[in-house]
Protein chains: 2
Amino acid sequence: MSGAEARDAGPIRVLLADDQALVRGALAALLNLEPDIEVVAQTGDGTNVVALAEEHRVDVALLDIQMPLMDGLVAAGQLRSRLPECKVLMVTTFDRPGYLRAAFEAGASGFLVKDTPSSELAAAVRRVHVGGRVVDPSLAAQSLMHGANPLTEREREVLSRAQSGAPVAQIAASLHLSAGTVRNHLSSAIGKTGEANRIAAAHLAREQGWI
Amino acid sequence: MSGAEARDAGPIRVLLADDQALVRGALAALLNLEPDIEVVAQTGDGTNVVALAEEHRVDVALLDIQMPLMDGLVAAGQLRSRLPECKVLMVTTFDRPGYLRAAFEAGASGFLVKDTPSSELAAAVRRVHVGGRVVDPSLAAQSLMHGANPLTEREREVLSRAQSGAPVAQIAASLHLSAGTVRNHLSSAIGKTGEANRIAAAHLAREQGWI
DNA sequence: TGTCGGTCATGACATCTGTCATGGCAATTT
DNA sequence: AAATTGCCATGACAGATGTCATGACCGACA
């Protein structure tokens, strides 16, 4: 009980990271309605999460996964290694099972999708603050069904670049590989996903949170 | 002046429509901080916007474009024809110039993207309430540059189905066309977008709000 | 030590894709 | 009435894509 009580002096100090300013401001308004919660820092990208968390002695960081420059998952990893006392609650738009797994591997204490009722947000913040875990129930079931990411590092890289319609030659050049190798990786990824071509494979991989 | 003054008795009555409950609740919290604004109704899809607006005598409807079941644009059109007194302020995640055009064609009085500062939301609501227009400045410039959608109906249909990786044969079957015709439409769309293949063309078309 | 998985590469093959020329049909515009 | 535009279709061609067999290198693991 000593660990939790050391932080009981004031309200829970929260950092908000979300790339959409309007949503970020609105979430701050929502959390500031709670007497025991105070939003002490906000940012639109992941690169300065650690610095802000240190500076403002943050208890709980609310991180969106989708952010420019630096991904919320990467930011979560840095935060956990540099400020182990600071808990991480991930929030995301998309209910992709792969994200949940990735979030916990990055050291997050909780995971919410953005269509959770807003009344539950404050409770989730309090729960992770005292050392508990929060898992979005709609995702928990799915997550247990789906296994881990079947794609290798290279397959993910190649598939990511294929998403936007880049031809094999371009992908090969950007990765310093031969065209044949790229086609092999693509073929392998297509096989693993059970789809018919690179585009459908990339879609499935994105839905699953594999890329 | 009589029309506007008839509504001056109480606070501005706002309806919120956004498919993400967390964001919806947060926006409500943000707007309810303003003494002259009151969120009187919320919904997660477009189908009951008109009914709710009638029931709660809504002054301003804040509609997200991306919603399941019924698109915010369609809801805006219905609202304007059934309740002309109720102003519409569209909010969207994506800064696609085509959306801005579509929004004003649907009768919206304002258009904001979700990365505008949250402090401007209340001002935008007040502005449309008194009959003004609100246009996101970052989009206004783009919108004037880009002309209307250059794609024909068929090209849009074909390109939409090509997005997810469906092969020509499947697209042809689903539209009851010959494979050759589908390839012609795709080729034409690729030419108009200036891209190298169907995937890149579909990406551009989505960014522009053409499909 | 041997085996296995991931990476990289080549060559060959069948199939898919993008382009072009050409033509017919209907609706609209001039 | 003639021209234009969108839509549908066919056939032919070059190039891109997906598959497969094969081989090499490396690190991990039993």
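**Note on the DNA-facing surface and the chain contacts**

1. The surface near DNA strand C divides into 5 nonpolar, 9 polar and 5 charged residues. Here Ala, Val, Leu, Ile, Met, Phe, Trp, Tyr, Cys and Pro count as nonpolar, Asp, Glu, Lys and Arg as charged, and the others, Gly among them, as polar. A residue is near a strand if its C-beta atom, placed from the backbone, lies within 6 Å of it.

2. This is a predicted model: local features need pLDDT of at least 70, side-chain atom pairs count only at pLDDT 80 or more, and totals for chains, interfaces and linings use all residues. Residues are numbered from 1 along each chain as its sequence is written, with chains lettered from A and ligands numbered from 1 in the order in which they are written.

3. Of the 19 residues around DNA strand C, the nearest include A:Thr152, A:Ser178 and B:Asn197. α10(B) supplies the largest share of this surface, 6 residues. Helices are DSSP runs (H or I, at least four residues), numbered from the N terminus.

4. Between the chains, 28 residues of chain B are in contact with 28 of chain A. Contact means C-beta atoms, placed from the backbone, within 7 Å. On the chain B side, α2(B) gives the most, with 9 residues. That side has 14 nonpolar, 9 polar and 5 charged residues.

5. Within chain B, α9 (residues 168–175) packs on α10(B) at about 105°, with axes 8 Å apart. Axes are lines fitted to C-alpha atoms over the stretch in contact, and angles run from 0 to 180 degrees between N-to-C directions. The two helices are therefore roughly perpendicular (65 to 115 degrees). B:Val168 and B:Ile171 are among the α9(B) residues in this contact.

Note on methods
Two residues are in contact if their C-beta atoms, placed from the backbone, lie within 7 Å. Angles under 35 degrees count as roughly parallel, over 145 as roughly antiparallel, 65 to 115 as roughly perpendicular and the rest as oblique.
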